[in-house]
Amino acid sequence: MENKRDREAPQLLEMGEEEQKKEEVISSSNHVAIEVEVPETHHQIGQDSFIQVGVLMCTGLNSAYALGYAGAIMVPLGWIGGVIGLMLATVISLYANALIAKIHEYGGKRHIRYRDLAGFIYGQKAYVLVWGLQYANLFLINIGYIILGGQALKAFYIIFRDDDEMKLPYFTAIAGLGCVLFAIAVPHLSGLRAWLAVSTFFSLVYITITFVLSLQDGMNAPPRDYSIPGSNTRRVFATIGATGNLVFAFNSGMVPEIQATLRAPVVDNMLKALYIHFTIGPAPVFAVTFVGYWAYGSRTSSYLLNNVSGPVWVKALANLAAFLQSVISLHIFASPTYEFLDTKYGFKGSAVNFRNIAFRTVVRGSYLAITTFLSALLPFLGDFMSLTGAISTFPLTFILPNHMYLVAMKKQLSSLQKKWHWLNIVFFGFASATVLVAAFRLIVVDSKTYHIFADL
């Protein structure tokens with residue numbers, strides 16, 4: 001006999017349907033039936049292996065953001081705080097991501113979006129709130145990727161022509177255009193298959209080059225200053241902001257969307273993918289972050305390739321690889337936005353027919369144009385990492401998963417386990433509020449120090 005889950009799985013795999021599916025959801029808090037509309041997806045789901053998903057998440061972790069952690073995490077935290085913080089962030093993030101992965105099929109059905117799961121557990125208001133939090137999270141992450149792409153292109157340019165003719169905002173615009181072209185060419189997240197291998201290659205190129213050149217610089221340099229820079233007040237706020245960078249480094253806030261691409265058994269396969277992500281994935285990040293900070297100390301840049309010295313062609317190759325990898329990585333984090341737009345506005349048929357190409361050109365191009373404009377307006381990468389961590393990464397990765405798991409599994413949890421989850425909720429809620437204040441302060445201070453459209 002087919003069970004309920006088996007009967008529902010084919011329905012989730014259907015694509016191109018326009019009707020909205022209405023579900024009766026029982027709110028766990030008041031046991032009142034709440035009707036939540038959950039749209040069918042026009043993107044491909046349930047097709048990928050755990051290896052492909054694990055590589056995809058490692059791609060996000062080892063994106064060009066990895067070149068910024070020495071400056072954005074190690075400089076404000078120092079050796080002890082930075083090393084311990086990164087190790088703890090890895091373990092805690094694996095735990096929190098596993099919680100949300102385990103309830104992917106809560107209630108006997110797959111929840112292919114984070115907001116769908118929130119709506120199923122809490123009701124309509126939570127559905128809308130989580131939707132807003134997640135899209136704010138992904139939007140800020142995408143701003144960071146375009147900033148990184150612009151910085152990489154500028155660094156590539158000044159290797160050959162160190163003049164003032166081309167400013168950072170111009171390179172940011174070029175990076176945004178590259179992201180638009182890629183968004184038109186690749187219709188959905190599962191379509192990244194071959195590009196994941198390309199992205200992994202680019203990651204290995206710039207991480208290896210940065211690691212080797214930093215190691216050479218460190219071996220030939222005089223003793224470095226590892227003291228935390230700035231006044232006492234700035235040190236406090238910078239340290240708090242760096243904790244937001246720690247959680248930002250390992251988390252996407254889109255575990256259900258990534259898990260939706262996996263074939264059955266989805267929970268077991270997602271856990272395997274997470275183990276790949278949090279065991280193999282951090283090694284290159286740690287290597288380039290620790291060596292970079294060791295080599296340059298408190299003067300480490302938020303884009304490590306700005307510090308290194310070495311053969312021109314080698315540095316040019318690393319910067320070009322960082323730019324191209326940023327374009328691919330942005331597509332991963334923009335995919336939930338693309339999925340919403342494609343589903344809502346009637347993406348139908350083949351991805352390569354003229355209508356769908358024109359649709360992607362206009363809609364995705366408009367979204368990325370806004371993202372690119374804001375990236376050029378306020379190009380403060382470390383501050384945006386902190387802000388993203390505070391506004392959405394803390395709630396989506398640590399607060400909500402603990403409470404969702406508590407609600408979904410309350411009958412199976414002991415009293416001690418329930419207290420443990422409540423402790424996590426309270427602690428990370430306080431941490432989120434504190435980092436938010438620090439991040440806004442850092443952005444305000446940097447905005448006064450540098451003008452808008454700054455050429456950093």
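This report walks through the fold, core, helix packing and selected residues of a predicted model.

## Overall fold

The protein has 456 residues, and 57% of them are buried. Its secondary structure comes to 15 helices and two strands. Consider the contacts between residues at least 6 apart in sequence: 81% of these join residues at least 24 apart.

## Nonpolar cores

The largest nonpolar core holds 107 residues. Leu192, Met270 and Met404 have the most contacts inside it. Helix 5 (residues 124–160) supplies the largest share of this core, with 16 residues. There is also a second, separate core of ten residues. Val247, Ile399, Ala431 and Val435 are among its members.

Not counting residues up to four places away in sequence, Met404 touches Ile100, Ile103, Tyr114, Leu117, Ala118, Ile121 and Tyr122.

Helix 4 spans residues 114–122 and is mostly covered. Eight of its nine residues are buried. These are Tyr114, Arg115, Asp116, Leu117, Ala118, Gly119, Phe120 and Ile121. The buried set therefore includes the charged residues Arg115 and Asp116.

Most residues other than glycine have a negative phi.

## Helix 6 against helix 13

Helix 6 (residues 168–185) packs on helix 13 (residues 354–377) at an angle of about 155°. Their axes lie 9 Å apart. An angle over 145 degrees counts as roughly antiparallel, so helix 6 and helix 13 are roughly antiparallel to each other. Their crossing is right-handed.

On the helix 6 side, the contact uses Pro169, Thr172, Ala173, Gly176, Cys179, Val180, Ala183 and Ile184. Helix 13 contributes Ile357, Arg360, Thr361, Arg364, Gly365, Leu368, Thr372, Ser375 and Ala376. By class, the contact has nine nonpolar, six polar and two charged residues.

Thr372 sits in helix 13. Its relative accessible area is 9%, so Thr372 is buried. Leaving aside neighbours within four places in sequence, Thr372 is in contact with Ile146, Thr172, Ala173 and Gly176.

## Helix 7 against helix 12

Helix 7 (residues 193–220) and helix 12 (residues 312–344) cross at roughly 140°. Their axes come within 8 Å. This crossing is left-handed.

From helix 7, the contact draws on Trp195, Val198, Ser199, Phe202, Ser203, Val205, Tyr206, Ile209 and Leu213. From helix 12 come Val314, Lys315, Leu317, Ala318, Ala321, Ala322, Leu324, Gln325 and Ile328. The residues divide into 14 nonpolar, three polar and one charged.

His331 lies in helix 12. With a relative accessible area of 1%, His331 is buried. Not counting residues up to four places away in sequence, His331 touches Phe182, Ala183, Val186, His188, Leu192, Tyr338 and Arg364. His331 and Val180 are 151 residues apart in sequence. In space, they are 9.4 Å apart, C-alpha to C-alpha.

Thr59 belongs to helix 2 (residues 50–61). Its relative accessibility is 3%, so Thr59 counts as buried. Neighbours within four places in sequence aside, Thr59 is in contact with Leu196, Ser199, Thr200, Gln325, Ser329 and Ile332. Of these partners, Ser199 and Gln325 also take part in the contact of helix 7 with helix 12.

## Two prolines

Pro76 is found in helix 3 (residues 69–102). At 10% relative accessibility, Pro76 counts as buried. Beyond its neighbours within four places in sequence, Pro76 is in contact with Gly71, Ile228, Ala238, Thr239 and Ala242. Pro76 and Ser298 are 222 residues apart in sequence. Their C-alpha atoms are 8.3 Å apart in space.

Pro265 is in the loop between helix 9 (255–259) and helix 10 (266–279). A cis peptide bond joins Ala264 and Pro265, with omega about -5°. Most peptide bonds are trans.

Terms used. Residues numbered from 1 in each chain as written. Predicted model: local features only at pLDDT ≥ 70, side-chain atom pairs only at ≥ 80, totals over all residues. Heavy atoms only, no water. Core = buried A, V, L, I, M, F, W, Y, C linked by side-chain atoms within 4.5 Å. Buried < 20%, exposed > 50% of the residue type's maximum accessible area, 1.4 Å probe, protein only. Helix = DSSP H or I, 4+ residues; strand = E, 2+ residues; numbered from the N terminus. Contact = heavy atoms within 4.5 Å. Axes fitted to C-alpha atoms, helices over the stretch in contact; angles between N-to-C directions. Parallel < 35°, antiparallel > 145°, perpendicular 65-115°, else oblique. Left-handed = near helix turned anticlockwise from the far one by under 90°.
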